[in-house]
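Please look over the sequence and the model shown below, and keep both in view while reading.

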Amino acid sequence: MNGKIFLFGIGGTGSRVVKSLVMMAASGVDIQASAIVPIIIDPDFANADLTRTIEQIKTYSSIRSSLDFTASSENQFFKTNFEDVVNGYRLRLKDTKNKKFKEFIQYDTLGKENRAFASMLFSENNLEADMEVGFKGNPNIGSVVLNQFTDSEDFVAFASAFKPGDRVFIVSSIFGGTGASGFPLILKNIRSILSTLPNCDAIQNAPVGAITVLPYFAVKPEDNSQINSSTFIGKTKAALHYYENNVTGNNSSVNVLYYIGDERNKQYENKEGGQLQKNNAHIIELASALSIVDFAAIAENDSAMVCEKDNNGRVYAPSPRFKEFGIDNDTERVVFTDLTRKTRDIICVPMTQFVLFSKYMKEHIKSSLTLPWAKDNDFNESFFKSSFASDLDKITESYLEWLREMDDNDRGFKPFKVDISKGQVFSIVENVKPARVKGLRGFLKSGYDLFDSFLDAKHSSLPKSSREQKFIELFYVVTKELVSAKYKF
């Protein structure tokens, strides 16, 4: 098990990738880090993508706080710990609320020559831009505003929490404003961190991974909007050129860099920010979250994780590694069998376990309270009215909605028939025929009757523990047995 991963999620894409990581962690995908420490950077405080992600992390962490992960426990659901070191999982930026960019740079107080220079660097639209809804595809604005984050209390809190053996991972898009400007700035401030900050040596020499998300969606043209997806490719080329010269070229600042994008671009509604910016989840974000899983699994002594200093004292990675994500079959609707063997080995079993658990929670749990597995463990109405059960309802419903959203894209990800009928629940995996379960437990049983027979057979053999622990342990063990008996991935 490696140390913690301090995960900087920048902008809307950063938030959505973090959400995909939370969904995978809930399902028990193995993340080989002692904890994930999300630090989301987005000046758009009301961004619905950001607020949804933070709510998911809080719900996940509330569930996990009632569970134990000891040697006697088989459960992997919610195993990964998500820690908060910046009071709400987001790094707060100063002086962006209710301000235009010209007010942020104090344009009106500048002398005549400096105002003329600023007008050369920033258009009138730039100067009039509202800082409260992000940088709207303008990295030139973002690079100015984000350059102040090292002075914040939250950055000091990050530095104070960092320890030798920990790592940094940065998620950003390359075709917008917040992500394109934020990635090189964070990297620069980590590699040249002030010596007055806590744990500066550990941070400066830490392995840094990052994923650069290339265009994977478009927005509908809107005359009054500053966001125009026809500029995405041009901005991407410019950013890649800058990265080559300043980030990934000779003496690369990053140890492992992942690239991802897709030429299939569904058009979203053109919403510049705030509560209306609520994009569907996407397979690109799932694959981006898998890059964090991959980075966490790299051994500490791997050559890619080594950092050295040049003659000028600059920290660099002498053996950087560059990776891309691919699928076996180029198809409009991706299912498990379209993924590479390595990817299937990571996600197929845990995601299938959790979708079965989520479906049971949504469709059948209230009908099972009189069964032995529920009665013998006091899984009664009072238990299902608890805050723990309420949080489980939220996270399992969010998981199903996350899957539906990924299906509703061009390119869609559809590993499951999420809305399949109750009686056919074990036919839920797309393109995988379920096997017949042998033995008495499977005799003449199907659907949730089969599920219940496994629960009844297993519950009494589990170790004594709290009701919350036993509930999750029981469903993890039973779904694991059912997936093993039913599916060949």
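A cavity is defined on a 1 Å grid over the protein atoms alone as a set of points where a 1.4 Å probe fits but cannot get out, and its lining residues have an atom within 4 Å of a point. Grid points are joined across faces, edges and corners, and a volume is the space filled by probe spheres set on the points. This is a predicted model, in which local features need pLDDT of at least 70 and side-chain atom pairs count only at pLDDT 80 or more, while totals for chains, interfaces and linings use all residues. Residues are numbered from 1 along each chain as its sequence is written, and side-chain values use heavy atoms, with hydrogens and water left out.

With these terms in hand, one cavity of 30 Å³ or more is found in the structure, and the largest cavity holds about 60 Å³ of space. Its lining is made up of Arg-16, Lys-19, Ser-20, Asp-49, Arg-52, Thr-53, Asn-279, Asn-280, Ala-281, Glu-285, Trp-402 and Glu-405. Two or more of the lining residues come from each of helix H1 (11-27), helix H2 (48-64) and helix H14 (387-407), where helices (H or I, at least four residues) and strands (E, at least two) are DSSP runs numbered from the N terminus. Sorted by class, the lining of the largest cavity has six charged, four polar and two nonpolar residues; here Ala, Val, Leu, Ile, Met, Phe, Trp, Tyr, Cys and Pro count as nonpolar, Asp, Glu, Lys and Arg as charged, and the others, Gly among them, as polar.

How many of the residues of strand E4 (residues 208-213) are buried? Buried means under 20% relative accessible area, exposed means over 50%, and partly exposed lies in between (1.4 Å probe, protein chains only). Six of the six residues of E4 are buried, so this strand is largely enclosed by the rest of the structure. In a regular strand the side chains alternate between the two faces of the sheet. In E4, Val-208, Ala-210 and Thr-212 are buried on one side, and Gly-209, Ile-211 and Val-213 are buried on the other.

Strands pair if DSSP finds at least two bridges between them. Strand E3 (residues 167-173) runs parallel to E4 and is joined to it by six bridges, with Ile-170 standing opposite Ala-210. E4 also pairs in the parallel sense with strand E6 (residues 256-260), over five bridges, and there Gly-209 has Val-256 as its bridge partner.

Side chains of opposite charge can pair when their charged atoms come close. The structure holds 20 salt bridges, each being a side-chain nitrogen of Lys or Arg within 4 Å of a carboxyl oxygen of Asp or Glu. Arg-404 forms one with Glu-397, the closest N and O atoms being 3.9 Å apart, and another with Glu-401, where the closest N and O atoms are 3.5 Å apart. Glu-401 and Arg-404 are three residues apart in helix H14, so about one helical turn separates them. Arg-404 is partly exposed because its relative accessible area is 23%, and Glu-401 is partly exposed at 35%.

Asp-407 forms a salt bridge with Lys-414, the closest N and O atoms being 3.5 Å apart. Elsewhere, salt bridges that share partners join Arg-16, Asp-49, Arg-52, Glu-285 and Glu-405 into one network, and these residues are also listed in the lining of the largest cavity.

Note on methods:
1 Å grid on protein atoms, 1.4 Å probe; cavity = no way out; pocket = protein on both sides within 12 Å on 5 of 7 lines; lining within 4 Å.
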